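Dear colleague,

I am passing on to you the structure below, together with some notes on what came out of looking through it. Please read the notes with the structure open beside them.

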Amino acid sequence: MLTTPLCRRLGIEAPVCSVGFGTGAGPELAAAVSEAGGLGVLGGTALRELLGPVIDRTRERTAKPIGVNLILHEDQRPTAEVALARGVEVIVLFWGDPAPIVELAAGTAFVIVQVGSVEEARRAVDAGVDAVIAQGVESGGHVIGTTALSVLVPAIVDAISPVPVLASGGIADGRGLAAALVLGAQAVSLGTRFVASDEAFIDEQYKQRVVAETDTVYSTDLFDGGWADAPHRVLRNAVVREWEASGKSREGEPIGKLDSIRGGQIDIPRYAAFMTTPSFHGDVDEAPLWAGQSVALVRDIRSAGEIVRTIVAEAEAALYSATTYSNDAQQSSANSPS
């Protein structure tokens, strides 16, 4: 199987990681990705005190390495302590200073932080992270990157070598993995492709939209209820079109209810930043459907394990084809009359 030095450091076989996209990234998805040889990542921030039992449920499904994603716009040390106490091998950080978690995880877990610029990557390395994820502006969900992935990855690789770099944004198949590896990344981190997986704890209508739609919208202030001033990318659905037609007004009535992971139901305000899980009671056309530009490449809903295996096989084929073409071109040039 296609592998890299980072894979060997993480104890995984394939250079494919799933994104811990909140409550949508639960035990079933993380375990399926890890069992297939990749790194499955749980959405840790939304779970907080329930994270321990969720990790236990994941461990029941796989003994292979797993990760936990933490969003640093608030103090995540208590949640990180839960993950570390359960022996989670990888902590993935986003949107803030990684230093407190790096200190907490020292000698215990491998720490990766997602960044959007060379400057942020350098700061992360200075803080002691073990690897960085270069997030291109093509990404779905909350987007800290402002540069295309094809430019950002090699720029960060050059800036922080030998610290490993992963690539995220606009990748949904093996050609994207192959391209990322050629650019210098040692793995990819995929969100949108795994939203359209059997195991993702996502509303089925949302999954079907990811398969059917290709039009995404990047905004700094559309779905910012609960997370202000955070740029993000979503599918263009009814609520987005309404927002655009109204001159980008964000007024309106609640759009439905969500079963709380702590019991009971909670009202969901219009333009709230949340994940439409199967426990959402409302119209997904009124909700944020987080997705990156890679939706153009997502054409079906598959098991997460099949997604990992297919992407790796496609990448191997793409790299072999490129090598064969290069060798043929060199041979042709050598045989040409001078």
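In what order do the 8 strands of the open sheet stand, and with what kind of pairing? Before the answer, please keep in mind that this is a predicted model. The order of the strands is β1-β9-β8-β6-β5-β4-β3-β2, and the pairing is parallel. At the edges stand β1 (16–18) and β2 (40–43), each of which has a single partner strand, so that one side of each is left without a neighbour in the sheet. From one strand to the next the twist averages 30°.

Within this sheet, strand β8 (residues 165–168) and strand β9 (residues 187–190) run parallel and are joined by 2 bridges, and Ala-167 is found opposite Val-188 in β9. Helix α2 (residues 27–35) packs on the sheet, where it touches β1, β2 and β3 (66–71), and its direction makes about 165° with that of β2. Helix α3 (residues 51–61) lies across β2 and β3, and it runs at about 155° to β3.

Pro-162 has its place in the loop between α7 (149–160) and β8, and the peptide bond that joins Ser-161 to Pro-162 is cis, with omega at about 15°.

I turn next to the aromatic side chains. A pair of aromatic rings is described by the distance of the centres and the angle of the planes. With pairs counted where the ring centres lie within 6.5 Å, the model has 5 aromatic pairs. For Phe-94 and Trp-95 the ring centres are 5.1 Å apart and the planes stand at 80°, so this pair is edge-to-face. Phe-274 and Phe-280 form a pair that is tilted, with 5.4 Å from centre to centre and 50° between the planes. Phe-274 counts as buried at 9% relative accessibility, and Phe-280 counts as buried at 5%. Phe-94 and Trp-95 also belong, with Trp-227, to one aromatic cluster.

What is the backbone of Trp-95 like, and what is its phi near? Phi of Trp-95 is near 70°, which is a positive value in a residue other than glycine. Trp-95 lies in the loop between β4 (90–94) and α5 (99–105), and with a relative accessible area of 17% it is buried, because the cut-off for that word is under 20%.

Asp-229 likewise is not a glycine and has a positive phi, of about 60°. Its place is in the loop between β10 and β11 (232–235). Is Asp-229 buried or exposed? At 68% relative accessibility, Asp-229 counts as exposed.

Finally, there is Ser-219, which has its place in strand β10 (residues 216–219) and is buried, with a relative accessible area of 5%. The side chain of Ser-219 reaches the backbone nitrogen of Asp-221 at 3.1 Å. When its neighbours within four places in sequence are left aside, Ser-219 is in contact with Ala-230, Pro-231, His-232 and Trp-243.

With kind regards

Notes. Residues are numbered from 1 along each chain as its sequence is written. Side-chain values use heavy atoms; hydrogens and water are left out. Rings of Phe, Tyr and Trp (its six-membered ring) pair if their centres lie within 6.5 Å; planes under 30 degrees apart count as stacked, over 60 as edge-to-face and the rest as tilted. Buried means under 20% relative accessible area, exposed over 50%, partly exposed in between (1.4 Å probe, protein chains only). Two strands pair if DSSP finds at least two bridges between them. Helices (H or I, at least four residues) and strands (E, at least two) are DSSP runs, numbered from the N terminus. Axes are lines fitted to C-alpha atoms, for helices over the stretch in contact, and angles run from 0 to 180 degrees between N-to-C directions. Contact means heavy atoms within 4.5 Å. A polar contact is a pair of N or O atoms within 3.5 Å; within protein, one must be able to donate a hydrogen and the other to accept it, and residues adjacent in sequence count only if both atoms are side-chain atoms.
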